[in-house]
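Biologist: I am new to this model and would like to go through it by question and answer. Please show it to me.

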Amino acid sequence: MPFSIRCAGWFSGRSDAEPVRECFDVSDDGEIMRLAIIGCGYVADYYLRTLPLHPELVVVGICDREPTRMANLAANYPIGRTYVDVAEVCADPEVDLVVNLTNPKDHFEVSLAALRADKHVYSEKPLAMELAQARQLADLANERGLHLASAPCSVLGETAQTVWKALREQKVGRVRLVYAEMDDGLVHQMPYRKWLSMTGTPWPFQDEFEVGCTLEHAGYYTTWLTTFFGPAVSVTAFAAPLIPDKGVAVDVISPDFSVACITFASGVVARLTCGIVGSHDHSLRVFGDEGTLEVPDSWFYGSPVTIRKSLNIMRKRLEGKLVRKVPLVRPVTKFDYRGAQQMDFARGVAELAGAVREGRPSRLATDFSLHNNELVLAVSEAASTAMPYVMTTSFVPPVPMEWAR
């Protein structure tokens, strides 16, 4: 029996070890999206912890190739069903949407199977590890009239939507340049083997190191930049593995540092850095003719937004008067879980479900997700590809969230 995850009051001092069954009940709604989660690893907890904020989402069941990991998740959440394999998920007529939380190298095959079974798909990033595979998924979704979307969904958060509104209102004048930083410090020197999700699943450090920090993290800002400034047209980038030996045996040595200059069709240029070598910095600075929009950390939906006005004289004396805070477009829910971020991971799934229900394009639509997949691949693969890279995909611009217009 499917369960609706609908307890918005979940986040209230609960021990991480405590089961949360009482926060779920059977849904009586007529407009629900029935979903199955494939992949019960580290990130699954973050989706299940934030699903209560979206009562229209109903979990039919979960699937994982490791029975122990799946059983652990089912023991901590009131999961209606556990599936033997992906084929059983795809054959279940109760499932409308597959949430693909598998390892990145498995994203393509799992999403392909789900689309072939006429299921909508929301995939963790990246959509695919190769552009040709991402194109194949996008083409199949379009042919079958299905929705395909990819994480991250942080562009739907209150901070990102506040920045976008300020840009539409030209609060800093014409924008010419953006600095976006996504550096996480020396991760290989941190106690990453001890990092556990709320239900005790270890952080997948080997996968993270093999996939590389650019494919894993650059999307948190490329999705913001493409939403704000439109499609990217070219990328000039550099990427390299500065610390090949991170104390873990890996099959692939991926870049742990990348920097890219991205030119957008609107004329804006952005410099994006991504790495696990430089000190922690998740800041965004948008430079306009009349000032600078600043955000300290894109991983917090409630991260403050400020405007630093330009002034060419007496700057030091008046510096404190040059900065003002921009009110967020709406209050932010506190997400009470362990982790280095405060984000509603399920908001992207809810956005896709809303698009299906309302018969409209998703704000994380197939063409948008494909374009950002290509953009991140262009940066990540800079060490082996000729630069500058000319983008081959585009997308129809999304619209702001209703509460941010």
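Modeller: Ask about the aromatic pairs to begin with.

Biologist: How many aromatic pairs does the structure hold?

Modeller: This is a predicted model, in which local features need pLDDT of at least 70 and side-chain atom pairs 80 or more, while totals for chains, interfaces and linings use all residues. Residues are numbered from 1 along each chain as its sequence is written, and side-chain values use heavy atoms, without hydrogens and water. Rings of Phe, Tyr and Trp (its six-membered ring) pair if their centres lie within 6.5 Å. The number of aromatic pairs in the structure is 19.

Biologist: Tyrosine 42 and tyrosine 46: what is the geometry of this pair?

Modeller: Planes under 30 degrees apart count as stacked, over 60 as edge-to-face and the rest as tilted. The ring centres of tyrosine 42 and tyrosine 46 are 5.8 Å apart and the planes stand at 50°, so the pair is tilted.

Biologist: Are tyrosine 42 and tyrosine 46 buried or exposed?

Modeller: Buried means under 20% relative accessible area, exposed over 50%, partly exposed in between (1.4 Å probe, protein chains only). Tyrosine 42 and tyrosine 46 are both buried.

Biologist: How many residues apart in sequence are the parts tied together by tyrosine 192 and tryptophan 203?

Modeller: Tyrosine 192 and tryptophan 203 form an edge-to-face pair, with 6.1 Å between centres and 65° between planes, and both are buried. Helices (H or I, at least four residues) and strands (E, at least two) are DSSP runs numbered from the N terminus. Both residues lie in the loop between β9 (175–183) and α7 (205–211), so the parts that the pair ties together are apart in sequence by eleven residues.

Biologist: Which arginine has its charged end over the ring of tryptophan 164?

Modeller: Trp164 belongs to a cluster linked by ring pairs, together with Tyr221, Trp224, Phe228, Phe229 and Phe264. A charge sits over a ring if NZ of Lys or CZ of Arg is within 6 Å of the ring centre and within 35 degrees of the ring normal. At 5.1 Å from the ring centre of tryptophan 164 sits the charged end of arginine 168.

Biologist: And what lies over the face of tyrosine 179?

Modeller: Here the distance to the ring centre is 3.8 Å. The residue over the face of tyrosine 179 is arginine 271.

Biologist: In β13, what is the bridge partner of alanine 180?

Modeller: β9 pairs with strand β13 (residues 284–288) in the antiparallel sense over five bridges. In β13, the partner of alanine 180 is leucine 284.

Methods:
Two strands pair if DSSP finds at least two bridges between them.
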